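Please load the model in your viewer and show it as a cartoon. Keep the selection tool ready.

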Amino acid sequence: MSLSVIRLTLRTRRLAIFWFDFGILALGLLIMGLWPLFAENWDDLTQAMGGSEVFGGTQVAGASAQQNTFYSYFSSQYTSTLMLVLAYFGVWFGAGLITRDFGTGTLDVLLAAPMSRTRFLLSRIAALLVLTTVVVAASYVAILIGAAIWAREVDLGALELLVVHLQMLVFTLAVAGGGLLLATLILQPGRTYGLAAGIIVIMFVLLIVADIASNLEWLEKISIFGYWNPVDQLGPGDFIWRDTLVLGVTALVSSAIALAIFRRRDIVA
């Protein structure tokens with residue numbers, strides 16, 4: 001890998017990453033700060049609105065009633081929103097590893113240096129890993145601080161929150177890998193972002209249909225959102241290896257295919 005390419009990628013994306021981090025930090029602290037206002041009445045509110053399932057309620061085995069009330073609130077008000085934020089980030093950054101420079105006409109200039117395409121793209125992927133970690137870490141810090149201030153009675157541990165955010169990281173990398181794959185196939189920024197966004201919307205609709213239709217639960221398994229279950233891992237020792245492994249394999253396979261295509265792709269604009 002090339003440290004110069006990694007540094008260049010980090011530098012050119014730093015402003016966007018700052019705003020992603022700022023937004024996620026603000027969202028996390030806001031949701032945690034509002035928890036004391038909803039704590040006593042959340043169960044009554046969810047029942048009045050049709051049950052906790054309507055709000056994405058989650059019941060974790062081995063957790064107390066108070067903890068499950070918080071998990072229901074946390075799942076519906078935070079992680080369901082963060083799912084879409086991180087999916088957008090994954091599409092934007094994964095596809096942008098190639099399309100941004102292709103659109104500005106600088107990709108062929110970058111590749112004119114004495115560097116193989118494999119080394120170039122691996123360096124970009126390394127930068128993707130760093131920046132994705134930074135974005136997910138913003139959520140971890142926000143929830144850790146918020147839990148210490150406003151949700152001490154829930155007894156959220158730093159380790160179990162780390163496990164939750166580990167799956168968020170792998171989910172984001174899986175989406176980014178798909179975006180990168182589309183970028184190497186299409187190259188054009190508008191078409192790549194449009195198609196990637198369309199696929200994400202379709203997958204989200206499949207998840208909704210799977211939740212509503214009792215005989216179509218299998219649709220959840222063909223949607224990447226079906227493997228998003230961070231709150232389910234808040235119970236002691238409940239890390240969901242199978243779903244996280246699916247996301248990890250998706251990230252690795254899509255990136256490997258993108259690399260194979262990019263090595264042979266004509267990139268002349």
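Predicted model: local features only at pLDDT ≥ 70, side-chain atom pairs only at ≥ 80, totals over all residues.

Residues are numbered from 1 along each chain as its sequence is written, and side-chain values use heavy atoms, with hydrogens and water left out.

**Whole chain.** Colour by secondary structure. The chain has 9 helices and 0 strands (DSSP runs: helices are H or I, at least four residues; strands are E, at least two; numbered from the N terminus). Of the 269 residues, 46% are buried (under 20% relative accessible area, 1.4 Å probe, protein chains only).

**Helix α4.** Select residues 65-104. Its 40 residues should span 58 Å at 1.5 Å a residue, and the end C-alpha atoms lie 55 Å apart, which agrees (the expected span is 1.5 Å times one less than the number of residues). Buried residues number 28 of the 40 in α4. Next, centre on G96: α4 has a kink of about 60° there (the angle between axes fitted to the seven residues ending there and the seven starting there). Step on to G105, which follows α4 and has a positive phi, near 80°.

**Second largest pocket.** Select A174, V175, G178, I199 and M203, the lining residues nearest the centre of this pocket. The lining has 19 residues. Elements giving two or more of them are α7 (158-186), α8 (189-212) and α9 (241-264). α7 gives the most, with 6 residues.

A pocket here is an open set of points on a 1 Å grid over the protein atoms alone, where a 1.4 Å probe fits, with protein on both sides within 12 Å along at least five of seven lines; lining residues have an atom within 4 Å of a point.

Conventions. Buried < 20%, exposed > 50% of the residue type's maximum accessible area, 1.4 Å probe, protein only.
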